[in-house]
Amino acid sequence: MDINLFDFILPEHLIAQYPSEKRENARLLVINKENETIVDEHFYDITKYFNRGDVLVINDTKVIPVRLYGTKIPTGAKVETIILKQIDDNLYEVIIRNAKVIHLGTKIDFGEGKLIGECTAKLRDGVHHLRFSYQGKFLEVLDEVGSIPLPPYIKDEKEKYSRYQTVYAKKPGSAAAPTAGFHFTEAILEELKRQGVKVAKITLNIGLATFRPLKVAHTKDHIMHEETYEISQETADLLNDALKTNARIISVGTTSTRALEANYLKYGEIKATNEATDLFITPGFKFNVVSRLITNFHLPKSTLIMLVSAFSNRELILKAYMHAISNNYRFFSFGDVMYIYGKD
């Protein structure tokens with residue numbers, strides 16, 4: 001498909017620079033994809049769209065300070081790096097902004113000798129492999145020398161870091177947050193459980209490439225970056241039981257949705273695993289697991305708006321986006337949220 005089919009014009013003032021004062025006060029656009037109705041709500045209304053026996057799938061990944069500023073050894077040239085994922089012991093896939101100055105064997109000092117990276121491979125689009133050397137525990141060193149890579153459309157201010165996590169973030173590993181989960185509070189989760197909703201946790205370590213607009217003209221030419229995910233046996237059993245009984249499975253976020261659908265496509269059921277997926281979901285895709293979706297408003301021509309269009313339909317999603325724009329909804333990571341459902 002032509003990626004321009006997923007384009008729209010967004011006034012800059014609707015790009016949220018700050019989260020809502022209270023997570024649950026974010027606005028909620030409810031879309032019934034069967035009768036194509038659109039309803040304006042707030043996220044604190046979300047509980048009325050759940051029934052006993054529903055399964056809510058959340059991503060408990062935690063964003064870690066993977067943005068590193070360093071200097072090339074011995075020239076002192078400045079280097080900005082973002083860690084994407086771990087490959088092996090002390091070997092990581094990273095994006096380097098000024099990649100031309102980095103070659104095989106180049107060493108970079110991040111934090112006055114506290115963390116040294118050596119380039120072991122150069123890939124496409126600024127992606128490299130760095131082998132790190134350091135003293136102590138890697139995450140503790142990152143906490144000392146790194147910073148959280150807020151999206152480029154958000155002014156980088158440290159006071160926002162604490163809100164760039166979900167309330168249920170637990171397992172460190174993401175370069176970016178699962179933003180659809182920002183709106184949940186402990187109180188809302190407890191109310192859902194009281195209503196008889198089951199909560200299933202998966203861990204998907206999100207890479208920055210997920211949020212980037214495509215650089216190709218047609219979807220068939222796009223190559224997805226892999227993201228690692230983990231599904232426990234407990235979660236697999238819960239989801240398989242839900243599938244067998246036709247219980248509704250509500251996914252929080254497009255990335256969680258990709259992991260669930262990729263797992264089912266590979267195994268024909270949900271299987272406990274720790275692996276990676278590069279599944280690219282576009283209109284025409286058949287969803288086997290997820291029946292309802294909670295998701296933020298996404299960038300034009302991004303893989304995420306394509307997935308949402310596949311879950312509903314492109315025309316309805318663009319119509320919903322135009323409604324959101326004309327009604328001053330807030331967009332992207334710190335913005336408002338959508339709830340998409342159809343037949344039960």
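This briefing describes a sheet, a helix and a cavity of one structure. The model is predicted, so local features need pLDDT of at least 70 and side-chain atom pairs count only at pLDDT 80 or more, while totals for chains, interfaces and linings use all residues. Residues are numbered from 1 along each chain as its sequence is written, and side-chain values use heavy atoms, without hydrogens and water.

**Sheet**
- Nine strands, in the order 2-1-17-16-14-3-12-13-15, form an open sheet with mixed pairing (strands are DSSP runs of E, at least two residues, and helices runs of H or I, at least four, numbered from the N terminus; pairing requires at least two DSSP bridges).
- Strand 2 (37-42) and strand 15 (273-277) are the edges; each has a single partner strand, so one side of each lacks a neighbour in the sheet.
- On average, neighbouring strands of this sheet are turned by 25° against each other, direction ignored.
- Strand 13 (residues 227-231) pairs with strand 15 in the antiparallel sense over 5 bridges, and Thr-228 stands opposite Ala-276 in strand 15.

**Helix 3**
- Helix 3 (residues 233-244) lies across strand 3 (55-59), strand 12 (198-204), strand 13 and strand 14 (249-252).
- Helix 3 runs at about 125° to strand 12 (axes are lines fitted to C-alpha atoms, for helices over the stretch in contact, with angles from 0 to 180 degrees between N-to-C directions; contact means heavy atoms within 4.5 Å).

**Second largest cavity**
- Lining residues of the second largest cavity include Thr-179, Ala-180, Gly-253, Thr-254 and Thr-255, which lie nearest its centre (on a 1 Å grid over the protein atoms alone, a cavity is a set of points where a 1.4 Å probe fits but cannot get out; lining residues have an atom within 4 Å of a point).
- Helix 4 (254-267) and strand 16 (292-296) each give two or more residues to this lining.

Definitions and conventions: 1 Å grid on protein atoms, 1.4 Å probe; cavity = no way out; pocket = protein on both sides within 12 Å on 5 of 7 lines; lining within 4 Å.
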